[in-house]
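Hi,

Here is the structure I promised to pass on. Have a look at it first, and then read my notes below.

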Amino acid sequence: MQQQNKETLILGIETSCDETSAAIVADGSRTLSNIVSSQVELHARFGGVVPEIASRQHLLLVNSIIDDALTRADLTFKNIDAVAVTQGPGLVGALLIGVATAKALAYALRLPLVAVNHLEAHLYANYLSGAPRDYPAVVLIVSGGHTELLLLEGAEQLTALGCTRDDAAGEAFDKVARVLELGYPGGPLIDKMATHGNPAAIDFPRALLNNNGEDYNFDFSFSGLKTAVINHLYHARRRGENINIPDVVASFQEALVDVLVEKTVAAARAHSAKVVMLAGGVASNSRLRLRLQEQLKKDLPAVILHHPPLELCTDNAAMIAAAAYPHYLARRFAPLNLNAHPGLNLCSPG
Ligand code: KG4
Ligand code: ZN
């Protein structure tokens, strides 16, 4: 493919957790390539991501993944206008591989370097998949490491409405799956198994849901729910009861989804949102998508719900390149001594 006049081609690099990914996106919206190598199988036998293994695997793969992204797009380094990389949040060793690679490329190719917040990038997966750019918009980011409810009042006018106070939504899925020895990552397995269970079988707690009136906030807390599942299993085993695992996971998922749906709809109402967007790995949860769609249709029928396709919900570099585009246009470039920022988030930036 020939580079078209005026199109800005950004090479995105993502290595924040257990996916090594490189992508080329034109003008922040047209994905020319998006190569993702998942390490899930490497980490599965440990029941979670092992940071040291993740870093080593990124190091082994990152250069060839970048080559693949160029080849798939039928481009060479000469066609690229900027290099974008995830600065954080994530695992420090994993982030450093991407950051060091991006800095080396930017230096050698004399290209501008753009540092991207991984959470902000998850939001851009929506725009890569046709979400309307209407404001105000409410965005629920639910991933393995983060649960954040955001308000977007205009392009780049992003503020956090609420965050998790402890476990992230995806973390809760993964930990409950680990306790039940279902495998890793737990989210997709629980999603599937829950379709065979009764979501009303066990009344697990819905934290921070009933704080109506002045106390109302958009924060989340899922560690109590995880503990309630563990306690339920412990007591049932002690009493010698038969445990219906599909019922347990369906009831757990329902409690978690109840909180996500209620708070997202309340935020959309409070801020007169025109659009609600989902992002992050847990955004691919079928129950969350269905329940949110139903609740919005009932309470706020004019609001448009958008969620990215499955492959853009989980970590990928196309969303990094897309998120970098406004920074590129505003010439917000990173210095060549850029460092990884594992604790970066949108609730308390910096
Ligand atoms: O966004 P992501 O790929 O990585 C992070 O940035 O954390 O999210 C991964 C998380 C994992 O916790 C995984 O269990 C969860 O997303 N997940 C799901 C589903 N698919 C992935 N959780 C619930 N239901 C799913 N269908
Ligand atoms: Zn992510």
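By class, the lining of the second largest pocket has 17 nonpolar, eight polar and five charged residues. Before I go on, bear in mind that this is a predicted model.

Staying with that second pocket: its volume comes out at about 560 Å³. It has 30 lining residues, and those closest to the centre are E120, Y124, E156, H327 and R332. β5 (113–117), α4, β8 (158–163) and α11 (318–329) each put at least two residues into the lining, with α11 giving the most, at five. Domain 1 (9–122 + 313–329) and domain 2 (134–307) each contribute at least three residues to the lining of this second largest pocket.

R332 and E156 form a salt bridge through their side chains, at 2.4 Å from N to O. R332 sits in the segment after α11 and E156 in the loop between β7 (147–152) and β8, so the pair ties together parts that are 176 residues apart in sequence. The whole structure has 15 salt bridges by the search.

Now the largest pocket, which holds about 1,100 Å³ of space. It is lined by 38 residues, and S143, G144, G145, D174 and Y184 are the closest to its centre. The elements supplying two or more residues to that lining are α4 (118–128), α5 (169–179) and α6 (186–194). Which of them gives the most to the lining of the largest pocket? That is α5, with six residues. By class, the lining of the largest pocket splits into 13 nonpolar, 17 polar and eight charged residues. Here too, domain 1 and domain 2 each provide at least three lining residues.

On to the domains themselves. The assignment for the chain gives domain 1 as 9–122 + 313–329 and domain 2 as 134–307. Their centres, taken over C-alpha atoms, are 28 Å apart. In the contact between them, 16 residues of domain 1 touch 15 residues of domain 2. About 1,100 Å² is buried between the two domains, and carbon and sulfur atoms give 70% of that area. L119, H122 and C313 together supply 46% of what domain 1 buries against domain 2, more than any other three residues. How many salt bridges cross the interface of domain 1 and domain 2? The rule finds zero there.

Last, some backbone details to look at on screen. Most residues other than glycine have a negative phi, and most peptide bonds are trans. Against that background, these spots are worth a look:

- The peptide bond from Y135 to P136 is cis, with omega near -5°; P136 lies in the loop between α4 and β6 (137–142).
- Y184 and P185 are also joined by a cis peptide bond, with omega about -5°. P185 is in the loop between α5 and α6, and Y184 is one of the residues closest to the centre of the largest pocket.
- D27 is not a glycine but has a positive phi, near 50°, and is found in the loop between β2 (19–26) and β3 (30–38).

That is everything from my side for now.

Cheers

Note on methods: Residues numbered from 1 in each chain as written. Chains lettered and ligands numbered in written order. Predicted model: local features only at pLDDT ≥ 70, side-chain atom pairs only at ≥ 80, totals over all residues. Heavy atoms only, no water. 1 Å grid on protein atoms, 1.4 Å probe; cavity = no way out; pocket = protein on both sides within 12 Å on 5 of 7 lines; lining within 4 Å. Points joined across faces, edges and corners; volume = space filled by probe spheres on them. Helix = DSSP H or I, 4+ residues; strand = E, 2+ residues; numbered from the N terminus. Nonpolar A, V, L, I, M, F, W, Y, C, P; charged D, E, K, R; others polar. Domains from an automatic or database assignment. Contact = heavy atoms within 4.5 Å. Buried area = accessible area lost by both parts, 1.4 Å probe. Salt bridge = Lys/Arg side-chain N within 4 Å of Asp/Glu carboxyl O.
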